[in-house]
Amino acid sequence: EQGYETGEHAPGLKLGGCGAYKAAHHIIKTHAKVWHSYNSTWRREQRGMVGISLTSGWGEPVDPHSQTDRDAAERYIQFHLGWFANPIYRGDYPEVMKNYVGKKSAQQGLGTSRLPTFSVQEKTYIKGTSDFLGIGHFTTRYVLQKNFPFLQVSSYHTDHDLAELVDPNWPAPGPKWLYSVPWGFRRLLNFIKTQYGNPLIYVTENGVSETVQCPQLCDEWRIQYLKGYINEILKALNDGVNVKGYTAWSLLDKFEWNKGFSERFGLYHIDFKDKNKPRYPKASVDYYKKIISANGFPNPREVMS
């Protein structure tokens with residue numbers, strides 16, 4: 001979306017309303033081809049697994065008693081996670097995506113939907129092409145209905161017909177988009193369990209960056225973030241969600257897309273001004289070491305629901 005819709009990331013194309021959908025369409029078909037190639041050529045000998053890693057926030061209705069807000073929150077998830085996961089696990093794009101993009105395309109006078117379609121053969125070929133689901137998750141949004149006039153320039157964001165809100169009480173130690181909302185992760189994992197037949201899940205990215213560098217490397221907010229989110233994964237395990245592994249994001253401070261070295265997600269601080277790039281452990285390193293050595297929280301009372 002940022003590479004082909006807004007042009008914010010490489011390759012910098014601004015193909016509003018269609019570029020992201022076309023790029024995603026090719027990604028999904030290419031992923032399926034790779035899976036089939038491995039399945040037919042290497043699996044018997046290597047006994048490996050091929051999956052896909054998808055990043056998604058959680059969308060919570062502003063008013064859980066409002067059907068309109070609940071529908072908007074459902075669209076939030078389907079336009080993010082479902083966009084890729086639904087074809088792979090269920091054979092086609094989410095119905096709500098097809099309906100909304102199709103309706104808005106017709107209002108614009110287009111003969112076909114801006115959301116591409118899969119042939120019957122492609123749907124069959126794509127469905128089931130993931131031995132595990134990798135999940136990157138960082139934050140949550142409250143969601144409510146918001147109608148965008150169809151005369152506006154079409155875009156992936158206005159196709160949703162929703163607005164995203166945050167709670168000002170949510171901790172926001174890093175960039176403006178990343179609020180710490182641990183309970184959203186449990187809900188996302190349970191959504192995956194229900195929607196996609198409880199697939200094997202590996203958490204491939206979960207962490208928080210800092211915008212203000214602490215000279216003593218005392219990243220207490222990262223410790224609290226990790227504690228909260230890992231705790232919610234443990235609750236999801238008790239719910240029966242099939243989570244097999246967890247990867248904190250990330251081991252080292254590094255190059256972060258168009259933010260360069262300014263956004264630091266690492267457990268280890270890197271001095272980028274020194275030509276030798278020395279590494280210094282932040283306080284979160286000791287905390288995460290204890291979690292790893294105990295394969296969970298050392299104190300079992302910390303994982304109670």
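# Questions about a predicted model

Colleague: Why is lysine 123 called partly exposed?

Modeller: Lysine 123 has 29% relative accessibility. Buried means under 20% relative accessible area, exposed over 50%, and partly exposed in between (1.4 Å probe, protein chains only). The 29% of lysine 123 falls in between, so the residue counts as partly exposed. Please keep in mind that this is a predicted model: local features need pLDDT of at least 70, side-chain atom pairs count only at pLDDT 80 or more, and totals for chains, interfaces and linings use all residues. Residues are numbered from 1 along each chain as its sequence is written, and side-chain values use heavy atoms, with hydrogens and water left out.

Colleague: What makes aspartate 92 and lysine 123 a salt bridge?

Modeller: The closest N and O atoms of aspartate 92 and lysine 123 are 3.4 Å apart. A salt bridge needs a side-chain nitrogen of Lys or Arg within 4 Å of a carboxyl oxygen of Asp or Glu, so this pair qualifies. By this rule the count comes to 17 salt bridges. Aspartate 92, at 12% relative accessible area, is buried.

Colleague: And why is the contact of glutamate 122 with lysine 29 called a salt bridge?

Modeller: The same rule decides: N to O is 3.2 Å for the side chains of glutamate 122 and lysine 29, so the pair meets the cut-off. Helices here (H or I, at least four residues) and strands (E, at least two) are DSSP runs, numbered from the N terminus. Glutamate 122 has a relative accessible area of 23% and lysine 29 has 27%, so each counts as partly exposed.

Colleague: How do you know whether glutamate 210 and lysine 282 are buried or exposed?

Modeller: Glutamate 210 has a relative accessible area of 4% and lysine 282 has 3%, so both count as buried. They form a salt bridge, with the closest N and O atoms 3.3 Å apart. Glutamate 210 is in the loop between β6 and α8, and lysine 282 in the loop between β9 (279-281) and α9 (283-294), so the pair joins parts 72 residues apart in sequence. Salt bridges that share partners join Glu210, Asp219, Arg222, Asp253, Arg264 and Lys282 into one network.

Colleague: What makes a set of residues the largest nonpolar core?

Modeller: A nonpolar core is a set of buried Ala, Val, Leu, Ile, Met, Phe, Trp, Tyr and Cys residues joined through side-chain atoms within 4.5 Å. The largest one here has 52 residues, and Tyr21, Leu81, Trp83, Ile135, Phe185, Leu189 and Ile192 have the most contacts inside it. Among the elements that each supply at least two residues are α1 (19-41), α3 (67-90) and α7 (183-195). The most comes from α3, with 11 residues. A second, separate core of 10 residues includes Ile230, Ala248, Tyr287 and Ile291. In soluble globular proteins, nonpolar side chains tend to be buried together.

Colleague: Which residues does leucine 81 contact, leaving aside its neighbours within four places in sequence?

Modeller: With contact meaning heavy atoms within 4.5 Å, leucine 81 touches Leu54, Ser56, Ile135, Leu188, Phe191, Ile192 and Tyr196.

Colleague: How do you know that β1 and β3 pair?

Modeller: Two strands pair if DSSP finds at least two bridges between them. β1 and β3 have four, in the parallel sense, so they pass. Isoleucine 52 stands opposite leucine 133 in β3, and serine 53 opposite glycine 134. β3 and β6 also pair in the parallel sense over four bridges. Overall, four strands form an open sheet in the order β1-β3-β6-β7. Its edge strands are β1 and β7 (243-246), each pairing on one side only.

Colleague: Why is the radius of gyration said to agree with a compact globule?

Modeller: The radius of gyration is taken over C-alpha atoms, and the globule rule is 2.2 Å times the number of residues to the power 0.38. For 305 residues a compact globule would have a value near 19 Å, and the protein chain has 21 Å, which agrees. Of those 305 residues, 47% count as buried.
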